[in-house]
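Hi,

Here is the structure I promised to pass on. Have a look first, and my notes follow below.

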Amino acid sequence: MNQSFYIGAVGAQQQLQRLNIHGDNISNVNTNGFKANRAHFAALLYQDHRGVEEELPMGVGTSLLMTSTDFSQGGPADTGRTLDYYIDGAGFFGVVDLITGEVTFTRNGAFYLSELVRETGEMDEEGEPIMESVYCLGDGTGRFVLSKQGGLIEVDDPMQELPIGIFDYSNYNGMEQVLDTGYLPVDKNGDLWLGTGKAVQGYLERSNADLAEELTKVIESQRAYGMALKMVQTSDEIETTINNLRA
């Protein structure tokens with residue numbers, strides 16, 4: 001069959017994936033601390049290659065090579081809420097799941113008071129550990145915010161500025177996105193260190209997704225999708241004409 005048929009089919013399928021990426025960005029344009037994703041395409045093989053046993057066929061069209069995250073800083077939003085924090089500069093907040101021990105990094109500083117029940121280290125008359133209840137800074141999903149020393153932050157007076165830790169990596173490439181605003185590091189991100197950013201109380205970081213830019217990308221993808229389908233339709237018509245001539 002005419003190779004243009006496959007080029008058009010592959011192009012249409014890849015543009016659908018691109019639409020999904022920009023659609024996700026648009027849906028999170030008002031999500032605090034959200035970082036927009038970008039689509040990167042690469043041309044498929046344009047010539048045959050000699051394989052071990054047989055010749056490997058050339059590819060057709062382009063393919064979505066990877067998606068990357070734009071970690072540029074979003075603008076500050078004045079909330080006036082004492083438990084909201086904005087990072088002015090580089091770095092992330094660290095939040096830990098005490099059950100799994102997993103630490104997630106985020107730029108979303110909308111925090112809350114979370115109750116933590118723990119042992120005091122003392123025993124009662126029956127030999128059972130005495131428990132106490134304290135309030136620590138959390139993210140509202142069961143995870144707790146880490147301090148500059150890497151421990152939990154007990155809150156006695158939420159009006160005071162808290163010793164929230166800001167952590168950073170030398171390389172953000174390849175960080176795994178979890179939920180909408182959380183990220184998990186991978187080996188190539190390097191070592192963890194204290195970030196140079198400053199925590200500003202009473203503010204949150206807006207999403208860095210630009211609605212106008214994202215809508216422009218959606219229109220581009222829709223038009224490219226339509227052109228790819230037109231190529232498929234034209235190729236099919238050519239093949240139909242050829243088959244009719246042969247008959």
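**What I found**

Let's start at Ala 9, which is found in helix H1 (residues 3–27); helices here are DSSP runs of H or I with at least four residues, strands are runs of E with at least two, and both are numbered from the N terminus. Before going on, note that this is a predicted model, in which local features need pLDDT of at least 70 and side-chain atom pairs count only at pLDDT 80 or more, while totals for chains, interfaces and linings use all residues. Residues are numbered from 1 along each chain as its sequence is written, and side-chain values use heavy atoms, with hydrogens and water left out.

Ala 9 is partly exposed, with a relative accessible area of 35% (buried means under 20%, exposed over 50%, partly exposed in between, using a 1.4 Å probe and protein chains only). Its C-alpha atom is separated by 43 Å from that of Phe 93, 84 residues along the chain.

Arg 18 also lies in helix H1, but Arg 18 is buried, at 14% relative accessible area. Leaving aside residues up to four places away in sequence, Arg 18 touches Ala 39, Phe 41, Lys 217, Glu 220 and Ser 221 (contact means heavy atoms within 4.5 Å).

Over in strand S1 (residues 37–43) sits Asn 37, buried at 11% relative accessible area. Lys 198 is 161 residues from Asn 37 in sequence, and 25 Å away in space, C-alpha to C-alpha.

Now the overall picture. The protein has two helices and 17 strands. Its radius of gyration is 26 Å, well over the 18 Å that the globule rule gives for 247 residues, so the protein is more spread out than a compact globule (the radius is taken over C-alpha atoms, and the rule is 2.2 Å times the number of residues to the power 0.38). The C-alpha trace spans about 95 × 45 × 35 Å along its principal axes. Of the 247 residues, 34% count as buried.

On to the cores (sets of buried Ala, Val, Leu, Ile, Met, Phe, Trp, Tyr and Cys residues joined through side-chain atoms within 4.5 Å). The largest nonpolar core has 14 residues, of which Tyr 85, Phe 111, Leu 137, Val 145, Leu 162 and Ile 164 touch the most other members. Strand S6 (85–88) and strand S7 (93–96) each supply at least two residues of this core. Apart from it lies another core, of 13 residues, including Phe 92, Leu 116, Leu 146 and Met 175.

And the aromatics: how many aromatic pairs does a search of the whole structure find? There are eight (ring centres of Phe, Tyr and Trp, its six-membered ring, within 6.5 Å; planes under 30 degrees apart are stacked, over 60 edge-to-face, the rest tilted). One of them joins Phe 105 and Tyr 169 edge-to-face, at 5.6 Å centre to centre and 90° between the planes. Phe 105 lies in strand S8 (residues 103–106) and Tyr 169 in the loop between strand S12 (167–168) and strand S13 (176–178), so the pair ties together parts that are 64 residues apart in sequence. Phe 105 is buried at 4% relative accessible area, and Tyr 169 is buried at 8%.

Cheers
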